[in-house]
Amino acid sequence: MKRIVIAAAISLSAFVSAHAASITGLNNTGIGAGGANDTSYQLSIVSDTWNGSTVPVITLDNTWPVNTWLANDSTSKWITPTANQGQSYDAWNNGTYTYRLSFDLTGFDAATASFAGRVLSDNTVKVLLNNTEIASGNGFTTWSNFTAASGFTSGVNQLDFVVTNWAQNSGNPTGLRVEFGQSAVTAVPEPETYAMMLGGLGLVGFIARRRKNKQASV
């Protein structure tokens, strides 16, 4: 009987381990050294202070406006449109700064995907998963939460953080900070995983029938 239990446990373990996963590519902002590009995110800008940047830059600690903004820490840092993190933008009109994070669910069941996180921005932010708004926030000292448990697609997904910087003619920097908590997705099993599971269960059934037949013949 012990062998039956062991065989069942092995087959179930193989099936579960092939399925459980977190979502790769959901990176916090500012992973790296201050002053370096944050290549996890791509940036597009609509602003009267257009600078041509397409990759945001990780901010330096203890340099304005960081610490007016919630201070950087080891989990995440602010990112800004350029290395001049205190640059003033959008003197006459509101500016829009879209920070895009892409992640790939190829080989996973998109219907099982989920994640949770939190965001800071200067000034407001909308969070969009594949062009559908899932959350919004306003503030650079108090976190706003966001979650998603639907709206994912097989293949490449796009998570956009659309920051609006309100017009002000001086002292008007802008930035984004993102932290992810948990994420999960179920892998699509490979054929050999099914074969291993079915083989294990078949072995269990065979042994059980053999024991039953042996007992019946006594």
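R177 counts as buried, at 0% relative accessibility, where buried means under 20% relative accessible area, exposed over 50% and partly exposed in between (1.4 Å probe, protein chains only). This is a predicted model, in which local features need pLDDT of at least 70 and side-chain atom pairs count only at pLDDT 80 or more, while totals for chains, interfaces and linings use all residues. Residues are numbered from 1 along each chain as its sequence is written, and side-chain values use heavy atoms, leaving out hydrogens and water.

**Salt bridges**
- The count comes to four salt bridges, each defined as a side-chain nitrogen of Lys or Arg within 4 Å of a carboxyl oxygen of Asp or Glu.
- R177 pairs with E179, their closest N and O atoms being 3.8 Å apart, and E179 is itself buried at 7% relative accessibility.
- E179 also forms a salt bridge with R118, at 3.0 Å between the closest N and O atoms.
- D73, R118, R177 and E179 are linked in a network of salt bridges.
- D160 and R100 meet through their side chains in a further salt bridge (2.7 Å, N to O); D160 is buried at 5% relative accessible area, whereas R100 is partly exposed at 28%.
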